[in-house]
Protein chains: 2
Amino acid sequence: MKQRDSAPTMKDVAREAGVALGTVSKVFNDIPVGEDYRKRVEEAARRLGYQVNSYARGLKTNRTCSAALILPDITHPFFSALAQGVCSALAARGYRTILSITAYDPEAEQKCIQMVRQNKVDGIIGLTYNPELDIDPRLPYVSIDRYFSPSVPCVASDNFGGGQLAAEKLLELGCTRPLFLRIGSKVPGESDKRGDGFESVFRQRGMACAALRFNDEDGLEPIRDFLAGHMDGGRLDFDGIFCVNDALAVRVRDFLEELGLRVPEDAQIIGFDGLRHFATGNLYCSTIVQPVDRLAETSVDMLLREDRSNLPSLVCLPVTYVPGGTTKE
Amino acid sequence: MKQRDSAPTMKDVAREAGVALGTVSKVFNDIPVGEDYRKRVEEAARRLGYQVNSYARGLKTNRTCSAALILPDITHPFFSALAQGVCSALAARGYRTILSITAYDPEAEQKCIQMVRQNKVDGIIGLTYNPELDIDPRLPYVSIDRYFSPSVPCVASDNFGGGQLAAEKLLELGCTRPLFLRIGSKVPGESDKRGDGFESVFRQRGMACAALRFNDEDGLEPIRDFLAGHMDGGRLDFDGIFCVNDALAVRVRDFLEELGLRVPEDAQIIGFDGLRHFATGNLYCSTIVQPVDRLAETSVDMLLREDRSNLPSLVCLPVTYVPGGTTKE
DNA sequence: CTCACAATATGAAACGTTACATATTCTGTA
DNA sequence: TACAGAATATGTAACGTTTCATATTGTGAG
């Protein structure tokens, strides 16, 4: 008996079952086929341990049941949660996930898209920073948290609304001297809107609101210095601080405590993201929680939608406020 | 002029450049070709925006330049770091990563392997819990942190050595009443060796060493109760606690402080993993640090090694001790 | 018992590559 | 000038599917 070295093919199954090639194909594509034929084919396939070769199928059909996920850094808890959500949602729909990590490098982002297009994925979900990314209009693309143009659908948290929510909470909790703190790259992103929303609430009430936007290449020193410079006789010039994300909020809390202030008694802090401690599951700070799972599911939905002709160009998902120890609730 | 609806193929490039199909193929496979021909082909390809179709190539060559990564949960910081490392290492070698998440479900693990095999990946890197996983010996497989059999190469941290290291450190720091605490699934894994290594050191010196292994379905209550039950007049029966991982160490620290003990003054704790706070970059506790990046690189190395005929069946990578606040250094 | 028609099985062509056997060109020598 | 042999270009046959036109079978009516 001849030893098979390579995997069995449809031809082998057809021979084993005593039917035509086309019939085997039909069985594996759920196309109606006589009951006895179907049984014979399934039997034979099981005996031979046959698996369809998705490369041959992909070549023929031009559909590969795979999508690329492009992320800057899967090590960050927000991104890893997103990756988990996207990967699961894709898997639930029978799609596999091709993961690419860009390390925030705009060039790597472009290369990823190139590379991934060559691999004939059915679509791309990307969270990128390159402002002039060259996106092939023929290949479905959904952008997370980053708006490009009306023709590129984007799903994001309601950043502006989240900023407003933070402002309203702080007001409710008795703050009168608000401050918005941002640290990030120079390229404008959706997260800028967090500050805009925050400020808008105070402006509307005729209240002053300080706001500072730092670049991340300078590190956190400028922020520490800024805070230290605004101490006035053991008292900080601000009593409600909204930070662009939880990571910053955590650091700011540390800085304030170094300055001898108590959080939340002397100053309250609200972050953004809703990250949770890996061991305890607690929030790191009071925060505006992004609906990570909904972000993931929605992107997958939009990517895989049958009729992609009139997708919304921007979907904003609602955020919520959850106290986490750095506010008086 | 005819509007092209689908992507250009090698045939188009050949026509455009006025050369034969085979010549185009050679150019894209770095097979020697006359300089002028090469130039003509490259030119034509650029004009047409040609990209090789990796599905056709994969069908023909039976190599796809892609590997599957199977993980239980990418949300856990250790796994996400591992994923990042594997993905990067694969990318550096020109391979793409197909990510599958199993949610610790043995059945899902088996399905993943099935699914992924159908996709004709060139190999699989898996961190799985199903003890009787059916691994196709024809498809390269590298297991992380889980030993199957001599024929399935495994790369893991030196868990036994890490346990010894923890014991030696605690001794050095003056502990005389050691305790090993584990929480995990019932299936035996490499991480059991951590406790074994820990205990061996004390046994060798003729010292007693308590050890408790809990199942994770029971939650942490039994551990809290156990600790509370070993308080004796404001003093704990143990002064050096080695926890199977950082997550447990963090919780144990909380429990001890709830019991009115100070860490590290009254009891010292060492964890395992070396996880770092996402915002500050600090360790969560004194710990035995796993070399995540080396784990990732080594698995990729072993997966992609040219000559896979005599791979080691187990590679143990060295761990290090780093103080992180729960020991007297 | 035929015949027409529906239902369904069949087999060949095509998808875009690579690899190999064959054809062509070029170089240097007799 | 002619020719051998190296070097390199050509074109065709796979790879394992799907799809579609064609062939076959089965059914019911006349």
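Ala, Val, Leu, Ile, Met, Phe, Trp, Tyr, Cys and Pro count as nonpolar, Asp, Glu, Lys and Arg as charged, and the others, Gly among them, as polar. By these classes, the surface near DNA strand C in this predicted model comprises 13 nonpolar, 10 polar and four charged residues.

There are 27 residues around DNA strand C, and those that come nearest are A:A20, A:G22 and A:G34 from chain A, with B:M10 and B:S25 from chain B. Chain A contributes two elements that each give two or more residues to this surface, α2 (21-28) and α4 (54-61). From chain B, the corresponding elements are α1 (10-17), α2 (21-28) and α4 (54-61). With five residues, α4(B) gives the most to the surface.

## Packing of α1(B) and α2(B)

Two packed helices are described by the distance between their axes and by the angle between those axes. For α1(B) and α2(B), the axes come within 8 Å and cross at roughly 105 degrees. Angles of 65 to 115 degrees count as roughly perpendicular, and the two helices are therefore roughly perpendicular to each other.

On the α1(B) side, the contact is made by B:M10, B:K11, B:V13 and B:A14, and on the α2(B) side by B:L21, B:V24 and B:S25. These residues divide into five nonpolar, one polar and one charged.

## Contact between chains A and B

The contact between the chains takes 35 residues from chain A and 35 residues from chain B. On the side of chain B that touches chain A, two or more residues are given by each of α4, α5 (77-92), β2 (96-101), α6 (106-118) and α10 (246-258). The largest share, seven residues, comes from α5(B). By class, this side of chain B has 17 nonpolar, 14 polar and four charged residues.

Strand pairing also links the two chains: β2 (residues 96-101) of chain A and β2(B) pair in the antiparallel sense over three bridges. Within this pairing, A:L99 has B:T97 as its bridge partner in β2(B).

## Position of A:D12

A:D12 is placed in helix α1 (residues 10-17) of chain A. Its C-beta atom has 17 others within 10 Å, so the residue is partly exposed. A:D12 and A:V252 are 240 residues apart in sequence, and their C-alpha atoms are 66 Å apart in space.

Methods:
Residues numbered from 1 in each chain as written. Chains lettered and ligands numbered in written order. Predicted model: local features only at pLDDT ≥ 70, side-chain atom pairs only at ≥ 80, totals over all residues. Near = placed C-beta within 6 Å. Helix = DSSP H or I, 4+ residues; strand = E, 2+ residues; numbered from the N terminus. Axes fitted to C-alpha atoms, helices over the stretch in contact; angles between N-to-C directions. Parallel < 35°, antiparallel > 145°, perpendicular 65-115°, else oblique. Contact = placed C-beta atoms within 7 Å. Buried ≥ 20, exposed ≤ 12 C-beta atoms within 10 Å, placed from the backbone. Pairing = 2+ DSSP bridges.
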